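Here is a friendly walk through a structure that is new to you. Take a moment to look it over, and then we can go through its strands, helices, loops and ligand surroundings together.

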Amino acid sequence: DKVLVLHGPNLNLLGSRQPEIYGYETLADVNHALYEKATLNGWEIKALQSNHEGELIDAIQAARLDGTTAIIINPAAYTHTSVAILDALNAFEGKVYEVHISNVHKRESFRHHSYVSLRADGVIAGLGTQGYQASLDALIKAAGT
Ligand code: DQA
């Protein structure tokens, strides 16, 4: 199977951005751990971070055509604003897992609503960067490989 991991705006700053909320692990650390787990299980993995909504949408559209079977996405602030990312995910037929490092429900009320959750097959919030690992574990288990 082939999984696409998408990280939204400001997640390139992971490790130095509000570490009391998002922790000290860098995005490279997160991607590396995912890569290890995926390859160990014979899965192909591609990770992309972008601060640009359109670039994330282009990646989701490309995933419809290149054999990607699942998307793990932390849309970051676009979670709460982007109908366009929701629409792109609705056009993708594989599994979609939504990850938030922080527990968005414990934070400001504008973080309580997620457009992406209208499409997501599963949502993880508040487990820190472990949420990415947990979602990949769940995907691998669900696929029975
Ligand atoms: C986030 C939560 C969002 O509300 C925020 O805008 C982010 C990161 C998280 O991973 O906890 O940038 O998606």
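Strands count as paired if DSSP finds at least two bridges between them. Strands themselves are DSSP runs of E with at least two residues, helices are runs of H or I with at least four residues, and both are numbered from the N terminus. In this pairing, Ala70 stands opposite Lys95 in β4.

The model is predicted, so local features need pLDDT of at least 70 and side-chain atom pairs count only at pLDDT 80 or more, while totals for chains, interfaces and linings use all residues. Residue numbers start from 1 along each chain as its sequence is written.

**The strands**

How many residues of β3 are buried? Five of its five residues are, which leaves the strand mostly covered. A residue is called buried if 20 or more other C-beta atoms lie within 10 Å of its own, exposed if 12 or fewer do, and partly exposed in between, with C-beta atoms placed from the backbone. Both faces of β3 are covered, with Ala70, Ile72 and Asn74 buried on one side and Ile71 and Ile73 buried on the other.

β1 pairs with β3 in the parallel sense over five bridges. Val5 stands opposite Ile72 in β3, and His7 has Asn74 in β3 as its bridge partner. β1 also pairs with β2 (44-49), again in the parallel sense, over six bridges. There, Leu4 has Lys46 in β2 as its bridge partner.

| α2 (27-40) | Val30, Leu34, Ala38 | Glu36, Thr39, Leu40 | 60° |

The arc is that of the directions from the helix axis to the C-beta atoms.

Helix α2 has 14 residues and reaches 20 Å from its first C-alpha to its last, close to the 20 Å expected at 1.5 Å a residue. That expected span is 1.5 Å times one less than the number of residues. The buried residues of α2 are Val30, Leu34 and Ala38. They cover an arc of only 60° around the axis, so they sit on the same side of α2. Their cover includes β1, β2 and α5 (130-143); here, contact means that the C-beta atoms of two residues, placed from the backbone, lie within 7 Å. After α2 comes Gly42, whose phi is positive, near 75°.

**Two residues in a loop**

The loop between β1 and α1 (19-22) holds Asn10. Although Asn10 is not a glycine, its phi is positive, about 75°. Asn10 is partly exposed, with 14 other C-beta atoms within 10 Å.

Gln18 is also found in the loop between β1 and α1. Its phi is near 35°, a positive value in a residue other than glycine. Is Gln18 buried or exposed? Gln18 counts as exposed, because it has 11 C-beta neighbours inside 10 Å.

**Around the ligand**

Which residues are around the ligand? They are Asn10, Asn74, Ala76, Ala77, Thr79, His100, Ile101, Ser102, Val104 and Arg111. A residue is near a molecule or strand if its C-beta atom, placed from the backbone, lies within 6 Å of it. By class, this shell has four nonpolar, five polar and one charged residues. Ala, Val, Leu, Ile, Met, Phe, Trp, Tyr, Cys and Pro count as nonpolar, Asp, Glu, Lys and Arg as charged, and the others, Gly among them, as polar.
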